[in-house]
Amino acid sequence: MSGPVSPLAPKSFADMPPVRGVRMATAAAGIKYKGRTDVLMMVFDGPAAVAGVFTRSKCPSAPVDFCRANLAGGKARAVVVNSGNANAFTGRKGRESTAMTAAAAARAAGCSEGEVFLASTGVIGEPLDATKFSGVLDGLAVAAREDFWFEAAKAIMTTDTYPKVATRTARIGDVEVRINGMAKGAGMIAPDMATMLSFVVTDADIPAATLQALLSEGVEPTFNAVTVDSDTSTSDTLLLFATGAAAADGQKPVSGPADPALAAFRAALNDLLKDLALQVVRDGEGARKMVAITVEGAESDAAAKRIALSIANSPLVKTAVAGEDANWGRVVMAVGKSGEMADRDRLAIWFGDVRVAVDGERDPAYSEEAASAVMKEEDIAIRVEIGLGTGKATVWTCDLTKAYVEINGDYRS
């Protein structure tokens with residue numbers, strides 16, 4: 001992307017080694033952007049096991065519908081992603097576009113259309129001219145390389161200011177396996193999931209059903225715990241692939257998601273998902289600060305999460321953060337409107353290590369100077385003690401600045 005990079009961007013990017021069994025290539029098809037890549041193709045050397053999690057929007061994009069249908073087959077040979085056009089709210093033309101793209105990808109990869117997965121991100125409501133990029137897929141399938149993760153992440157950006165990548169290793173038994181991931185997202189980001197595309201590949205040998213259980217569990221405290229602006233996208237897609245290449249190293253088959261041999265893999269996968277999810281928040285449109293909101297003492301974990309999201313999604317809380325204003329009254333407001341049980345007279349609130357309110361009123365030792373110093377940091381922690389139970393949750397968000405309005409005010413121009 002042209003323009004300034006988010007001040008919250010990583011100071012350095014992960015060195016992304018290849019994952020055996022998958023190759024990638026990109027092209028500039030001119031779908032919306034000029035002078036940059038906007039199509040990504042991933043090709044698997046053999047059938048890879050696949051799992052997926054998608055938006056809960058009742059107005060999903062055509063590619064989301066397509067992926068959901070193919071997920072039942074449990075196998076993937078090709079993935080095609082485009083940026084600049086979401087192919088959402090495009091009716092019959094949208095379905096025709098996915099069918100055309102899938103047919104072209106299947107020909108290029110030498111597989112069935114049921115082994116193709118598609119994702120699109122960008123403007124909603126504009127018909128996607130699949131002829132623009134379906135013609136480049138033959139060349140991409142041939143040119144695809146293993147060591148292409150960083151460039152691949154660039155091709156799927158929209159309003160992102162930097163590509164988002166992460167890598168981890170883990171052991172399954174005596175065999176080391178690798179997990180690589182990339183994501184895009186900066187706005188229309190809210191749980192279940194977010195305007196978020198993410199593609200994660202491991203060389204582990206894990207069957208699709210087990211992979212799905214690991215992914216469904218892993219998204220809850222990661223991608224489903226981030227919000228930039230409370231708006232859930234039409235297009236959210238997170239796909240996890242296992243190429244099985246580690247079987248040749250002697251990796252033993254796993255019996256299911258509860259197999260003790262998967263403990264280290266599960267931890268590494270969840271850590272990678274959290275890494276990517278927080279990179280998305282740190283690139284929130286116009287963001288200058290990242291905020292971790294932890295709610296403790298709620299009636300249940302689910303209640304704690306709903307209260308935390310009420311705080312995280314409040315424009316008044318987010319603008320106070322942007323203005324470096326330790327306005328804990330706005331946090332009280334957001335707790336009270338959450339719909340969950342709360343007792344005003346048991347409430348306590350911290351900004352960083354500074355307790356600003358306790359027992360339903362301002363902390364007797366409150367220091368405006370100390371609280372304001374916390375708000376000047378790039379990373380801010382807000383903690384709320386409800387005082388009713390043992391429920392706990394953390395969600396992550398960013399501040400709401402004038403730049404967010406500017407970015408989204410002229411997004412289609």
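Predicted model: local features only at pLDDT ≥ 70, side-chain atom pairs only at ≥ 80, totals over all residues.

Reader: How many cavities of 30 Å³ or more does a search of the whole structure find?

Author: Let's start with the search itself, which covers the whole structure. With a cut-off of 30 Å³ or more, the number of cavities found is 2.

Reader: Which elements each supply at least two residues of the lining of the largest cavity?

Author: The largest cavity has a volume of about 60 Å³, and 13 residues line it. Among these residues, N82, T101, L118, S120 and F133 lie nearest the centre of the cavity. The elements that each give the lining at least two residues are β3 (75–85), α2 (91–109) and β4 (116–123).

Reader: Where does the largest share of the lining of the second largest cavity come from?

Author: The second largest cavity has a volume of about 40 Å³, and its lining includes V317, A320, V321, R330 and V331. Both α9 (315–322) and α10 (328–336) supply at least two residues of this lining. The largest share, 3 residues, comes from α9.

Reader: How many charged residues are in the lining of the second largest cavity?

Author: This lining has 7 nonpolar residues and 1 polar residue. D325 and R330 are among the lining residues, and Asp and Arg count as charged. The number of charged residues is 2.

How values were computed: Residues numbered from 1 in each chain as written. Heavy atoms only, no water. 1 Å grid on protein atoms, 1.4 Å probe; cavity = no way out; pocket = protein on both sides within 12 Å on 5 of 7 lines; lining within 4 Å. Points joined across faces, edges and corners; volume = space filled by probe spheres on them. Helix = DSSP H or I, 4+ residues; strand = E, 2+ residues; numbered from the N terminus.
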